[in-house]
Amino acid sequence: MKSAVELTRMVPPGAVGMIASLTIPERERDALEAAGLSWCDGRGAIHVAWPGTLVHVDHSGRGPRRGRTEPAKLGPAGIRAVQVLLAVDGEWTISRLAHEAAISVGQAHNVFKALEAERLLASTGKGPQQRRRITDRHGAMDWLATIDRARRRPGTAATYLYARTPEEVLRRFAERADAAGLPYAVTGAAASQLLGAPVLSQIIVSHIRVGPVQADSALHRLGLEHLDAEDAGRGMNLELWTDTGELGTFAARDVNGVRVAPPVRVWLDLARQGGRGADAAQLFREQVLERA
């Protein structure tokens, strides 16, 4: 079944996206509403959202999601923090999240507030030791994807390296980056291959997040040629992305000598590419992020 985020992409401009089913579980209703979609079921419940208009009828007594259908405004640090939360199933305090996501206590508090507003978090206790846990991982992932998709596409720079296989291309890039002291993380389909969950039969272009410099500056630092749009179409096999907020390089791990972005970020970057990338993202989500 397609996620709410993927269903949103299928709605033509100016149309109302309506999902109809005999029954729709409450968790899925929440995800649909968070994505700005409408729904109706066989029991006579209906939710129609349109700019300036909201119709919600639910005989079970459940009310519509409070607040906006627009995604919450989380900056790169907040998105990185949610990635950290989704990487570990457990209880969290504000101080623990601040430490493990390398953000301020205030930023950690705001992240929890945003999750609580979306009814994705449960809390126990009071004060500094109050513990929080994500109660709906599926919904939290849909919500994060909506927020991430609303952000501007990272700055990019196209280049190439000669090698016999995509894996060798990545190893050669890793050697250059390590020698130059440049933080990087492979993402997208190339990362899925390294993680043992390939989502495409052939990888023509590998995507790599780099920081803290801009992608084009990273090419100069690595001694790689910057291909313009015309040349990129003929010979590009690497595309560097500026990793604003360390969304990919933070918590990257080594896989056979190559740094790979966290799995949640790999999935988000696949989804961002659209087309085949969206289908690949769903496959990666099922194989890696939602495995039993």
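This is a predicted model: local features need pLDDT of at least 70, side-chain atom pairs count only at pLDDT 80 or more; totals for chains, interfaces and linings use all residues.
Q: What share of the residues is buried?

A: Buried means under 20% relative accessible area, exposed means over 50%, and partly exposed lies in between (1.4 Å probe, protein chains only). Of the 292 residues in this protein, 49% are buried. As for the surface, the protein exposes about 14600 Å², and carbon and sulfur atoms supply 52% of that.

Q: Which contacts join residues at least 24 apart, and what share do they make up?

A: A contact means heavy atoms within 4.5 Å. Take the contacts between residues at least 6 apart in sequence: 63% of them join residues at least 24 apart.

Q: Is helix α11 mostly covered or uncovered?

A: Mostly covered: α11 spans residues 263-272, and nine of its ten residues are buried. Among them are Trp-267 and Leu-268, along with Asp-269 and Arg-272. After α11 comes Gly-274, with a positive phi near 65°.

Q: How do I describe two packed helices?

A: You give the angle between their axes and the distance between the axes. The axes are lines fitted to C-alpha atoms, for helices over the stretch in contact, and angles run from 0 to 180 degrees between N-to-C directions.

Q: Which residues of α3 and α5 meet?

A: Ala-77, Gly-78, Ala-81, Val-82 and Leu-85 in α3 meet Gln-107, Val-111, Phe-112 and Leu-115 in α5. By class, that contact has seven nonpolar, two polar and no charged residues. Ala, Val, Leu, Ile, Met, Phe, Trp, Tyr, Cys and Pro count as nonpolar, Asp, Glu, Lys and Arg as charged, and the others, Gly among them, as polar.

Q: At what angle do α4 and α5 pack?

A: α4 and α5 pack at about 110°, with their axes 8 Å apart. That makes α4 roughly perpendicular to α5. The contact is made by Ile-94, Leu-97 and Ala-98 of α4 and Val-105, Ala-108, His-109, Val-111 and Phe-112 of α5. By class, it has seven nonpolar, one polar and no charged residues.

Q: What should I know about phi and peptide bonds?

A: Most residues other than glycine have a negative phi, and most peptide bonds are trans. In this model, Ala-102 has a positive phi, near 55°, and is found in the loop between α4 and α5. Ala-251 also has a positive phi, near 65°; its loop runs between β10 (238-242) and β11 (253-255). Ala-251 counts as exposed because its relative accessibility is 53%.

Q: Where is the cis peptide bond?

A: The bond from Gly-211 to Pro-212 is cis, with omega near 0°. Pro-212 lies in the loop between β9 (206-210) and α9 (215-222).

Key: Residues are numbered from 1 along each chain as its sequence is written. Side-chain values use heavy atoms; hydrogens and water are left out. Accessible areas come from the Shrake-Rupley method with a 1.4 Å probe; for residues, only the protein chains shown count as cover. Helices (H or I, at least four residues) and strands (E, at least two) are DSSP runs, numbered from the N terminus. Angles under 35 degrees count as roughly parallel, over 145 as roughly antiparallel, 65 to 115 as roughly perpendicular and the rest as oblique.
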